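Please consult the sequence and the structure shown below.

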Protein chains: 2
Amino acid sequence: MPQSPTIPAIPIESAALRGVRGSAIRDLLAVTERPGVLSLAGGLPATELIPAERIADAATRVLGHRDALQYTTSRGAAQARDAVAAHEGVDADRLLLTHGSQQALSLLALALVDPGDVVVVDDPVYVGALQAFQSVRADVAALPITHDGTNIAALIRLLDSGVRPRLVHTVSNFHNPSGVTASPTTRRRLTDLADTYGFWIVDDDPYGRLRFDGPAPSPIVGERVIRLGSASKTLAPALRVGWLSATPAIVGLVERLKQSADLCGSTLNQLMVADLLSDASWFDAHIGTITSAYAARAHALTAALDDELGTRIEYASPTGGMFCWVRLPGIDTTDLLGVALSHDVAFVPGAAFSVSSDLAEYARLSFATLSPDSLREAVHRLSAAIDDGAHSTV
Amino acid sequence: MPQSPTIPAIPIESAALRGVRGSAIRDLLAVTERPGVLSLAGGLPATELIPAERIADAATRVLGHRDALQYTTSRGAAQARDAVAAHEGVDADRLLLTHGSQQALSLLALALVDPGDVVVVDDPVYVGALQAFQSVRADVAALPITHDGTNIAALIRLLDSGVRPRLVHTVSNFHNPSGVTASPTTRRRLTDLADTYGFWIVDDDPYGRLRFDGPAPSPIVGERVIRLGSASKTLAPALRVGWLSATPAIVGLVERLKQSADLCGSTLNQLMVADLLSDASWFDAHIGTITSAYAARAHALTAALDDELGTRIEYASPTGGMFCWVRLPGIDTTDLLGVALSHDVAFVPGAAFSVSSDLAEYARLSFATLSPDSLREAVHRLSAAIDDGAHSTV
């Protein structure tokens with residue numbers, strides 16, 4: 001042994017880790033698992049709407065080929081990339097499969113963002129995106145979202161002030177948590193600005209297929225657009241299959257990082273998703289089933305909000321996705337949550353999604369996982385909690 | 001639109017990505033997929049030894065419970081953590097499940113290593129570990145591995161020179177690529193030094209159960225040891241289930257990063273691994289089957305090397321794992337590979353695993369994926385390539 005070693009202090013985490021905000025939502029989910037709590041807090045799809053039997057069929061079929069249990073390429077199994085490419089209407093050489101679209105966010109952050117680079121997000125923000133950008137020490141600029149999606153006027157002011165963002169992140173369809181869908185004008189102006197100023201647009205779209213009615217808006221398109229998709233909300237979260245569609249150059253960069261991050265995805269899970277997506281008539285019928293159920297739940301939630309809270313609550317009726325973003329004027333929803341939990345109902349306070357804006361009066365209510373009757377009971381309890389907690393005002 | 005914008009140059013990848021060496025091995029694997037090539041290059045387990053039927057049974061059983069298709073916690077499904085904890089003989093609160101053990105390496109690099117921190121690896125190195133440490137811009141110090149594992153004498157010289165490593169990475173059992181197993185003395189001295197100097201030991205152990213005979217050495221133990229395990233080499237790579245066992249504080253740090261990296265692993269895949277590992281009598285018999293097959297293949301390979309190459313080759317007989325590390329004195333194996341491919345045989349040149357050492361005369365031969373007859377034929381072709389390429393000397 002060497003002489004006189006220096007005894008070091010106990011090491012702490014890396015600087016990268018110190019920059020990451022924990023997810024208040026995931027911490028909260030632990031509490032809401034208490035029996036008897038009706039949770040409007042989750043970001044999960046409804047378990048009973050997951051097509052478990054069809055997925056089991058896919059597993060049996062895929063496991064009939066032993067190669068499905070080997071390693072695959074970092075980009076993803078060719079057959080699965082072809083199926084997703086057909087599903088998304090893009091070329092397979094523009095696609096890379098990820099372990100859920102959260103992995104696409106974290107790999108893109110590593111691939112494209114250096115410490116101090118400006119990344120623009122919506123405020124309120126999808127917390128998983130914020131964490132991914134914080135973990136690479138991005139300088140996050142959060143622009144208050146509008147009813148038309150990303151705040152183009154604020155983005156132009158930022159650009160005019162000389163700021164040159166590296167990328168702009170948004171959830172263009174049924175934004176989490178605000179529920180907003182970007183208008184055609186917002187989409188077009190975003191690509192124009194991206195082409196002019198040379199930033200990337202990350203269009204994070206796990207919810208786009210969960211549209212209650214009417215035609216979908218055209219996706220955000222352009223050479224600077226990186227589209228993220230996922231099987232988590234349409235098929236099942238546990239498949240952990242998401243995808244990224246972008247120029248081959250971006251796909252190549254992310255592929256290199258995926259190799260170092262986890263070598264490759266699960267061949268098995270990717271081929272199961274290929275089996276499910278390429279059965280197009282089944283998939284379309286399944287989407288019809290789940291969007292009808294979610295639409296009915298959204299309606300039950302908002303009808304109950306009207307009945308129980310009337311003018312004490314403000315919201316826009318959900319047109320898809322899983323969330324209703326509400327404002328309770330004069331009420332601090334973080335304080336309200338404590339009271340609500342004592343009434344056996346949970347939600348996520350707006351502050352959990354805030355970067356720079358004051359969202360203390362807001363809350364995200366998920367209508368995805370409760371039945372219409374349970375949603376009505378949850379709102380009844382929430383109303384009682386508001387009556388109880390009338391002292392806790394902003 | 002704003003006036004006179006600055007038109008930027010096409011952005012390139014982040015600084016983080018520029019530091020990552022591509023894997024020559026994975027690039028090579030593409031070439032070796034050409035029909036007719038006998039490949040000694042892969043790092044895959046044998047497809048025909050993957051217990052596909054038993055895995056299909058597990059899938060059917062797990063998919064009988066719809067919850068298996070939901071999200072799970074970032075730490076991993078409780079039932080799977082319990083099963084892995086029993087398998088590893090540790091407490092479940094010291095365990096976190098990862099997407100293969102490569103993800104454990106990349107998350108540990110992010111959690112523990114800041115740019116410029118010194119990370120010690122063996123030379124030759126497991127390239128996946130090197131990539132993970134390079135991606136966080138570690139200052140990598142590579143110590144030539146010895147027949148007893150990590151080079152303790154060189155590590156002490158490094159420490160004596162004032163260098164304070166953040167962590168030391170090794171593959172303690174059947175090291176990839178060198179095949180070396182760390183001696184009891186090396187294991188003990190590593191923990192003593194870690195305790196004295198405050199570095200972490202990452203003991204990356206995917207191959208430990210693939211021991212041909214004799215008792216396993218005691219694992220490296222201590223509060224500064226982070227053990228990595230994997231189902232990829234014993235069950236199937238496509239399950240993408242690995243694990244990390246460490247102090248609860250380290251598990252908590254990595255959990256925060258996993259949340260940002262990909263939210264969570266696949267509940268389905270984790271519960272399948274739980275089903276397989278907790279069927280202990282089946283698992284032990286399965287390990288017996290695959291280690292017997294690998295031992296027979298290793299013997300076929302080395303017998304053919306002796307017959308065909310005699311004193312022109314040097315190696316230590318494999319005692320487990322998947323690899324035979326050979327030296328061909330006077331031959332540059334990178335040059336030899338080109339000739340070998342024209343003889344329809346592939347291997348990985350030593351240079352692919354080198355950090356600082358000159359490993360031009362070395363090569364990694366995998367005996368895992370070819371039958372004994374094919375291994376003999378592969379060595380016959382390799383010998384012919386050596387005769388052909390006698391002009392290409394070091």
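B:D123 is buried because its relative accessibility is 2%, where buried means under 20% relative accessible area, exposed over 50% and partly exposed in between (1.4 Å probe, protein chains only). The model is predicted, so local features need pLDDT of at least 70 and side-chain atom pairs count only at pLDDT 80 or more, whereas totals for chains, interfaces and linings use all residues. Residues are numbered from 1 along each chain as its sequence is written, chains are lettered from A and ligands numbered from 1 in the order in which they are written, and side-chain values use heavy atoms, with hydrogens and water left out.

**Surroundings of B:D123**

B:D123 belongs to strand β3 (residues 118-123) of chain B; helices (H or I, at least four residues) and strands (E, at least two) are DSSP runs, numbered from the N terminus. A polar atom of the B:D123 side chain lies 2.7 Å from the backbone nitrogen of B:S357. Contacts of B:D123 (heavy atoms within 4.5 Å), leaving aside neighbours within four places in sequence, include B:A142, B:P144, B:F353 and B:S357. A cis peptide bond, with omega about 5 degrees, joins B:D123 to B:P124, and B:P124 is placed in the loop between β3 and α6 (127-135) of chain B.

In chain B, four strands form an open sheet in the order β9-β10-β13-β12, with antiparallel pairing. Its edge strands, β9 (314-315) and β12 (348-349), each pair on one side only. Two strands count as paired if DSSP finds at least two bridges between them; β10 (residues 323-327) and β13 (residues 362-366) of chain B have five, in the antiparallel sense.

B:F283 lies in helix α11 of chain B and is buried because its relative accessible area is 2%. Beyond residues up to four places away in sequence, B:F283 touches B:H87, B:R209, B:T234, B:L235, B:L276 and B:L277.

**Packing of α5 and α9 in chain B**

Helix α5 (residues 100-112) and helix α9 (residues 248-262) of chain B pack at about 110 degrees, with their axes 9 Å apart. Axes are lines fitted to C-alpha atoms, for helices over the stretch in contact, and angles run from 0 to 180 degrees between N-to-C directions. The residues of this contact divide into 10 nonpolar, one polar and two charged; Ala, Val, Leu, Ile, Met, Phe, Trp, Tyr, Cys and Pro count as nonpolar, Asp, Glu, Lys and Arg as charged, and the others, Gly among them, as polar. Among the residues that meet are B:L107 and B:L108 in α5(B), and B:L253 and B:K258 in α9(B).

**Backbone exceptions**

Most residues other than glycine have a negative phi, and most peptide bonds are trans.

| Residue | Phi |
|---|---|
| A:R137 | about 55 degrees |
| A:F174 | about 50 degrees |
| B:D344 | about 60 degrees |

A:F174 occupies the loop between β5 (167-170) and α8 (184-197) of chain A and counts as buried because its relative accessibility is 1%. B:D344, in the loop between α12 (333-342) and β11 (345-346) of chain B, is partly exposed because its relative accessible area is 26%.

Definitions and conventions
A polar contact is a pair of N or O atoms within 3.5 Å; within protein, one must be able to donate a hydrogen and the other to accept it, and residues adjacent in sequence count only if both atoms are side-chain atoms.
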